[in-house]
Amino acid sequence: MTDTNFKKEVLESKLPVLVDFWASWCSPCKMIAPIIEELAKEYVHKIKIGKLDVDTSPKTATAYGIMSIPTLVFFNNGKIMEQVAGVLNKTDLKKKIEANL
């Protein structure tokens, strides 16, 4: 996901959206990435899950006040529902997804 398609992919989505704000040099981001990929497959028709690299899309990261990474932001109808900074285990992330469906 990039700054240019963020609006279409997130703000105009009919499904709830989870955006992982990350960077390639971030070790905690690398730790949570496989969990996010698994859950994206598991929840494919319930929630849209995407990743936004803060280094290649700094405008969007700044617009949403992303101060640390990884930061997971849940959107519904284009509005922020919840924001979580740091690494979550699969069980806790699943609970967050379920709460935001």
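This is a predicted model: local features need pLDDT of at least 70, side-chain atom pairs count only at pLDDT 80 or more; totals for chains, interfaces and linings use all residues.
Colleague: Why is Thr71 called buried?

Modeller: Its relative accessibility is 3%, and buried means under 20%, so Thr71 counts as buried.

Colleague: What does Thr71 touch, leaving aside its neighbours within four places in sequence?

Modeller: Thr71 is in contact with Val19, Asp20, Phe21, Ile66, Gln83, Val84 and Ala85. The place of Thr71 is in strand S3, residues 71–76.

Colleague: What makes the pair of Thr71 and Ser68 a polar contact?

Modeller: The Thr71 side chain reaches the backbone oxygen of Ser68 at 2.4 Å. The cut-off for a polar contact is a pair of N or O atoms within 3.5 Å, so the 2.4 Å pair qualifies.

Colleague: How do you know that S1 and S3 pair?

Modeller: Pairing takes at least two bridges; 5 bridges join strand S1 (residues 17–22) to S3, so the two pair. They run antiparallel. One of the bridges joins Leu18 to Phe74 in S3.

Colleague: What is the strand order, and why are S2 and S4 called edge strands?

Modeller: The open sheet has 4 strands in the order S2-S1-S3-S4, with mixed pairing. Strands S2 (48–53) and S4 (79–85) each have a single partner strand, so one side of each is left without a neighbour in the sheet. From one strand to the next, the twist averages 20 degrees.

Methods: Residues are numbered from 1 along each chain as its sequence is written. Side-chain values use heavy atoms; hydrogens and water are left out. Buried means under 20% relative accessible area, exposed over 50%, partly exposed in between (1.4 Å probe, protein chains only). A polar contact is a pair of N or O atoms within 3.5 Å; within protein, one must be able to donate a hydrogen and the other to accept it, and residues adjacent in sequence count only if both atoms are side-chain atoms. Contact means heavy atoms within 4.5 Å. Axes are lines fitted to C-alpha atoms, for helices over the stretch in contact, and angles run from 0 to 180 degrees between N-to-C directions.
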